[in-house]
Amino acid sequence: DQTLHDARKADKRLRYVIEVAAPVVGKPARRLGRQAKKLQDLLGEYQEAVVTRPLVQELGSAASASGHPTSTYYLVDALEQVRTDHVLEKLPRRLSRLYDEAAWLPNTTALQYDPGTSWTGSGN
């Protein structure tokens with residue numbers, strides 16, 4: 001989770017640099033900026049779900065301890081899990097598109113995402 005959050009912050013820095021470079025570089029920078037924005041949005045969805053799930057679980061436990069219904073908490077938790085799974089499924093393709101748009105930059109091949117890497121572990 002922390003690695004993906006750090007990636008989101010790095011992507012945000014890339015977007016800021018691209019915003020400055022776009023007037024000079026032109027269309028390639030604007031296209032890269034759009035892909036960086038899409039990646040940042042996707043990683044933001046993941047981060048929101050990761051932060052929300054423990055809170056919902058805590059609220060559900062408190063509701064249960066007080067004798068209140070908990071089905072809504074379980075439903076929200078399940079929906080947030082689906083959201084994280086969806087993000088992890090889309091992430092390799094989104095990264096690939098970002099790298100494709102960054103091909104004009106020097107040394108981007110060293111930064112390429114390895115598709116053999118798993119993004120499904122909870123430690124990501």
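This text walks through the chain helix by helix and then turns to its salt bridges.

The model is a predicted one, in which local features need pLDDT of at least 70, side-chain atom pairs count only at pLDDT 80 or more, and totals for chains, interfaces and linings use all residues. Residues are numbered from 1 along each chain as its sequence is written, and side-chain values use heavy atoms, with hydrogens and water left out.

The secondary structure of the chain consists of 3 helices and 0 strands; helices (H or I, at least four residues) and strands (E, at least two) are DSSP runs, numbered from the N terminus. Read from the N terminus, the order of elements is α-α-α. The chain has 124 residues, and 31% of them count as buried. Here buried means under 20% relative accessible area, exposed means over 50%, and partly exposed lies in between, with a 1.4 Å probe and protein chains only. Among the contacts in the chain with a separation of 6 or more, 71% join residues 24 or more positions apart, a contact being heavy atoms within 4.5 Å. The accessible surface of the chain is about 7900 Å², and carbon and sulfur atoms hold 56% of that surface. Accessible areas come from the Shrake-Rupley method with a 1.4 Å probe, and for residues only the protein chains shown count as cover.

Helix α1 covers residues 2-25. Its 24 residues should span 34 Å at 1.5 Å a residue, and the end C-alpha atoms are 33 Å apart, which agrees. The expected span is 1.5 Å times one less than the number of residues in the helix. α1 bends by about 35° at E19, and the proline P23 follows within four residues. The bend at a residue is the angle between axes fitted to the seven residues ending there and the seven starting there. After α1 comes G26, with a positive phi near 90°.

Which residues of α1 are buried? They are L4, D11, R15, I18 and A22, and their cover includes α2 (27-65) and α3 (71-101). A22 has a relative accessible area of 12%, so it counts as buried. Leaving aside neighbours within four places in sequence, A22 is in contact with A29 and R30. A22 and G33 are 11 residues apart in sequence, and their C-alpha atoms are 8.4 Å apart in space.

In helix α2, Q35 is buried too, with a relative accessible area of 12%. Apart from neighbours within four places in sequence, Q35 is in contact with R94, R97, L98 and E101.

Helix α3 has 31 residues and reaches 44 Å from its first C-alpha to its last, close to the 45 Å expected at 1.5 Å a residue. α3 bends by about 40° at L91, and the proline P92 follows within four residues. The buried residues of α3 include D77, E80, T84, L91 and R94, and what covers the buried residues of α3 includes α1 and α2.

W104 sits in the segment after α3. With a relative accessible area of 35%, W104 is partly exposed. V24, V25 and W104 form a nonpolar patch on the surface, with about 290 Å² of accessible area together. Patches are made of residues with over 30% relative accessible area and no salt bridge, where like charges are joined within 9 Å and nonpolar side chains (Val, Leu, Ile, Met, Phe, Trp, Tyr) within 5 Å.

The structure holds 7 salt bridges, a salt bridge being a side-chain nitrogen of Lys or Arg within 4 Å of a carboxyl oxygen of Asp or Glu. One of them joins D6 and K9, whose closest N and O atoms are 3.6 Å apart. D6 and K9 are 3 residues apart in helix α1, so about one helical turn separates them. D6 is partly exposed at 35% relative accessibility, and K9 is partly exposed at 40%.

In α2, K37 and D41 lie 4 residues apart, about one turn of the helix, and their side chains meet in a salt bridge at 2.9 Å, N to O. Another salt bridge joins D77 and R53 at 2.7 Å, N to O. Because D77 lies in helix α3 and R53 in helix α2, this pair ties together parts that are 24 residues apart in sequence. D77 counts as buried, at 14% relative accessibility. Finally, E48, E80 and R83 are linked in a network of salt bridges.
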